[in-house]
Amino acid sequence: MGANTTSLSYWLNWRFFLCAIWVLSMMIVASILIWKYEGFKKKRSRRIENKKETAGFLYEDETWRTCLKEIHPAWLLAYRLIAFLVLFSLLFANIVIDGETWTFALVTIYFALGTSCSIYGYCQYCNKAGIDRVDDVDSDAEKGSYVAPTPRENENTSSMPKNFGTYEQSCVRKTARMRIYAFQIIFQTCAGAVMLTDLVFWIILVPFLYGEGFKLNFLMVCLHSVNAVFLVGDMILNCMRFPLFRIAYFLLWTAAFVIFQWIIHACVSMWWPYPFLDLSSPYAPAWYLGVGLMHILCYCICALIFRMKHFFLSRSFPESYQGMR
């Protein structure tokens with residue numbers, strides 16, 4: 001099983017202190033990014049004053065709208081529901097067999113919340129479609145009794161489109177509330193965490209540890225592949241944003257995982273879920289630093305997927321694309 005992790009000598013050494021510095025530095029950088037760019041309360045007042053969106057600004061309907069107008073929100077709802085059911089089944093099986101479910105549980109929670117957001121959005125979409133149909137019927141019925149406006153009425157209404165358009169936009173697209181920001185944060189944390197977990201599993205664990213007491217099975221393969229497939233599919237299908245500063249939450253998520261593992265192993269001597277977390281190795285600080293730098297690579301891969309989707313859809317379907325331009 002390795003060194004006794006409950007002994008003081010395991011923790012009171014230069015390896016642990018150096019690794020603790022890496023983790024603490026990561027948390028400080030993440031906190032600075034959140035304080036500088038997120039600021040939920042400051043953001044609203046600043047947007048009102050400057051009349052423009054800030055880096056992390058969100059609309060409420062971004063959680064359930066699809067990337068193209070032709071794709072009905074029901075398709076995103078069905079996709080998220082199927083993803084949640086599959087991931088929940090795998091999560092339950094893994095809890096029974098193994099118990100290591102940190103990142104996979106977060107992805108399952110994301111799709112559970114995403115399904116609820118899509119259900120709400122589907123109801124909103126159907127209600128709006130029903131109102132539009134009623135308005136069309138009323139306008140058709142009024143065509144027979146149409147009376148041309150007088151010149152004075154034309155002058156009074158000539159300035160209405162600008163004001164009405166602005167009012168309509170502010171009413172139709174509601175500013176996101178705190179729960180929408182929480183959902184967006186979970187989404188971007190999932191994106192980086194899934195990419196990191198799966199890359200570490202397939203690039204580090206499988207090639208270097210396979211055969212040394214480490215065996216692959218069907219459940220392990222599903223846990224480190226299905227989550228990424230479903231999440232990338234959701235990235236392509238939805239119209240959510242992906243501001244780079246929210247890598248901060250991804251860093252905090254990993255730091256929380258590492259600190260949690262340290263606390264558990266300080267109390268109970270047990271196996272590490274990832275061998276490079278073991279602090280008894282003289283190469284532990286290098287491993288911690290290397291995996292820390294992988295966060296930037298993994299997050300950039302996710303951001304690249306979003307940029308490619310935006311580039312392709314905004315040029316191939318300019319009238320239908322609903323993402324941020």
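Are Asp61 and Arg65 buried or exposed? Asp61 is buried, and Arg65 is buried as well, where buried stands for under 20% relative accessible area, exposed for over 50%, and partly exposed for what lies in between (1.4 Å probe, protein chains only). The structure is a predicted model, in which local features need pLDDT of at least 70 and side-chain atom pairs count only at pLDDT 80 or more, while totals for chains, interfaces and linings use all residues. Residues are numbered from 1 along each chain as its sequence is written, and side-chain values use heavy atoms, with hydrogens and water left out.

**Salt bridges**

- A salt bridge is taken here as a side-chain nitrogen of Lys or Arg within 4 Å of a carboxyl oxygen of Asp or Glu, and by this rule the count comes to six salt bridges.
- One of them pairs Arg177 with Glu60, whose closest N and O atoms are 3.3 Å apart; this pair links distant parts of the chain, since Arg177 sits in the loop between α7 (160–172) and α8 while Glu60 sits in the loop between α3 (40–50) and α4 (73–97), 117 residues apart.
- Glu60 also forms a salt bridge with Arg179, the closest N and O atoms being 3.6 Å apart, and this pair again links distant parts of the chain, with Arg179 in helix α8 and Glu60 in the loop between α3 and α4, 119 residues apart.
- Glu60 counts as buried because its relative accessible area is 6%, whereas Arg177 counts as partly exposed at 43% relative accessibility and Arg179 is partly exposed with a relative accessible area of 43%.
- Through salt bridges that share partners, Glu60, Arg177 and Arg179 are joined into one network.
- The side chains of Asp61 and Arg65 likewise meet in a salt bridge, at 3.3 Å from N to O.

**Helix packing**

- Helices (H or I, at least four residues) and strands (E, at least two) are DSSP runs, numbered from the N terminus; axes are lines fitted to C-alpha atoms, for helices over the stretch in contact, and angles run from 0 to 180 degrees between N-to-C directions.
- Angles under 35 degrees count as roughly parallel, over 145 as roughly antiparallel, 65 to 115 as roughly perpendicular and the rest as oblique.
- Helix α11 (residues 247–267) packs with helix α12 (residues 284–316) at an angle of about 150°, their axes being 10 Å apart, and α11 and α12 are therefore roughly antiparallel to each other.
- Helix α8 (residues 178–209) and α12 pack at an angle of about 120°, with their axes 9 Å apart, which makes α8 oblique to α12.

**Helix α2 and the surface**

- Leu8, Leu12 and Phe17 form a nonpolar patch on the surface, with about 350 Å² of accessible area together, the area coming from the Shrake-Rupley method with a 1.4 Å probe and, for residues, only the protein chains shown counting as cover.
- Patches are made of residues with over 30% relative accessible area and no salt bridge, like charges being joined within 9 Å and nonpolar side chains (Val, Leu, Ile, Met, Phe, Trp, Tyr) within 5 Å.
- Phe17 lies in helix α2 (residues 14–38) and counts as partly exposed because its relative accessible area is 46%.
- Trp22 is also found in helix α2 and, at 30% relative accessibility, counts as partly exposed.
- Trp22 and Ala255 are 233 residues apart in sequence, yet 9.6 Å apart in space, C-alpha to C-alpha.
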